[in-house]
Amino acid sequence: VTITTRLLVSHLSGIRHYERDIAKVKEEKEKANRALRLTKPHQEKEQKEIEKTDSFKPKKEHDSEAKSRNSKPGRRDKEFEQEEYYLKEKFESVIESLKIFKNDPLFFKPGSQFLYSTYGFTLLSAVVERASGQKFTDYMMKMFHDLDMLSTVLDDNEAMIYNRARCYVYNKKGRLVNAPYVDNSYKWAGGGFLSSVGDLLKFGNALLYSYQASQFKNSRGKLLPGYLKPDTVAVMWTPVPKTEVSWDRDGKYAMAWAVVEKNQQCGCCRQQRHYASHTGGAVGASSVLLILPEELDSAALGAQPVAPPRGVIVTILCNMQSVSLNSTALKIAREFDKEKWAQ
């Protein structure tokens with residue numbers, strides 16, 4: 001078979017994630033699909049019940065949502081039961097870390113199905129290393145320096161890292177405890193960096209600037225180019241067929257980003273805004289970075305151009321495992337967006 005970098009970056013390669021048993025992966029997917037199918041009739045039934053009553057009553061939450069909201073973080077995420085999350089072996093290079101999965105069979109023919117795979121990104125980092133002619137970690141640190149992300153570093157256990165936070169999990173008894181020791185050198189590209197809110201905002205703004213830079217044609221040549229070409233970011237934020245997103249059912253996976261496209265079926269109905277986001281989950285930590293571009297008016301751009309980036313960037317870092325953050329980030333972004341238009 002042929003596995004391309006585009007398949008890797010969109011999780012269509014067929015390379016496994018932490019779960020080795022394909023039967024269990026299929027079972028979990030079927031459960032998720034069943035839950036999604038059940039949600040719609042449930043919502044319709046609730047709406048009919050509300051219409052029948054004279055006074056408004058709060059809707060009952062879906063059983064699974066109610067359970068997840070009432071349970072403590074980290075108690076419900078089966079993914080963190082996988083042993084490979086807790087590897088303590090130190091790998092000297094990304095090429096060496098390929099030995100974890102390189103002899104395992106593919107779960108499906110590349111390009112035919114979607115399966116989120118951290119190891120797919122480990123292979124991608126090996127491609128970057130060979131193509132660039134330098135260590136992947138050196139290549140990334142150079143990029144972070146260019147973007148002025150000076151607080152973004154490797155999560156190296158031995159290094160003294162200023163302001164490194166402690167991470168927490170809930171144990172089987174529901175008590176908050178320190179996260180277990182792990183060595184993330186086996187997955188630098190898929191969860192091996194430490195960063196700060198400030199640095200992630202710089203990263204988001206650099207991408208948004210690159211995305212919008214070509215739309216400002218009346219800037220009299222004073223506008224500097226973006227870190228990436230506008231077309232590159234546009235392709236990165238274009239949904240890829242056969243993909244899915246676990247943290248937002250309205251979205252599709254693109255290239256290393258989840259993307260929700262602008263959509264409104266009819267007037268005065270629910271409106272989807274275009275945005276890109278990605279969540280992160282590690283042993284003892286959760287995160288999200290969300291970019292909500294401003295809907296630019298071509299007439300306004302011509303009359304009085306205001307330099308990009310224009311939109312809202314939201315990032316949340318949480319030193320606790322299995323905390324769902326995307327919906328919170330989206331609510332925050334929408335509130336700031338409303339406030340901006342109100343002015």
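A polar contact is a pair of N or O atoms within 3.5 Å; within protein, one must be able to donate a hydrogen and the other to accept it, and residues adjacent in sequence count only if both atoms are side-chain atoms. This is a predicted model: local features need pLDDT of at least 70, side-chain atom pairs count only at pLDDT 80 or more, and totals for chains, interfaces and linings use all residues. Residues are numbered from 1 along each chain as its sequence is written, and side-chain values use heavy atoms, with hydrogens and water left out.

**View 1. Lys-242 in the loop between helix 9 and strand 5 (252–253)**. Helices (H or I, at least four residues) and strands (E, at least two) are DSSP runs, numbered from the N terminus. The backbone oxygen of Gly-111 lies 3.4 Å from a polar atom of the Lys-242 side chain. Contact means heavy atoms within 4.5 Å. Leaving aside neighbours within four places in sequence, Lys-242 is in contact with Leu-12, Gly-111, Ser-112, Gln-113 and Phe-114. Lys-242 and Leu-12 are 230 residues apart along the chain, yet their C-alpha atoms are separated by 8.3 Å. Lys-242 counts as exposed because its relative accessibility is 53%. Exposed means over 50% relative accessible area, buried under 20%, partly exposed in between (1.4 Å probe, protein chains only).

**View 2. His-278 in strand 7 (residues 275–282)**. At 15% relative accessibility, His-278 counts as buried. Its side chain makes a polar contact of 2.6 Å with the side chain of Tyr-253. Not counting residues up to four places away in sequence, His-278 touches several aromatic residues, including Tyr-116, Trp-247 and Trp-257. Ser-287, Val-288 and Leu-289 are also among the residues that His-278 touches.

**View 3. The largest nonpolar core, with 42 residues**. Such a core is a set of buried Ala, Val, Leu, Ile, Met, Phe, Trp, Tyr and Cys residues joined through side-chain atoms within 4.5 Å. Tyr-119, Trp-237, Trp-257 and Ile-291 have the most contacts inside this one. The elements giving two or more residues to this core include helix 1 (5–9), helix 6 (136–146), helix 9 (230–236) and strand 8 (285–293). Domain 1 (1–31 + 77–149 + 182–192) and domain 2 (195–342) each supply at least three residues; the domain bounds come from an automatic or database domain assignment. Apart from this core lies another, of twelve residues, among them Tyr-275, Leu-290, Val-314 and Ile-316.

**View 4. Helix 5 (118–132) and its packing**. The buried residues of helix 5 include Tyr-119, Phe-121, Leu-124 and Glu-129. Against the buried residues of this helix pack helix 1, helix 4 (94–97), helix 6 and helix 7 (188–191). At the helix start, a side-chain oxygen of Ser-117 reaches to within 3.4 Å of the backbone nitrogen of Tyr-119. Gly-133 follows the helix, with a positive phi near 75°.

**View 5. Helix 8 (197–212) and its cover**. The 16 residues of helix 8 should span 22 Å at 1.5 Å a residue, and its end C-alpha atoms are 22 Å apart, which agrees. The expected span is 1.5 Å times one less than the number of residues. Gly-204, Leu-207 and Leu-208 are among the buried residues of this helix. Ile-291 touches Gly-204, Leu-207 and Leu-208, among others. Cover for the buried residues of helix 8 includes helix 9, strand 8 and strand 9 (311–318).
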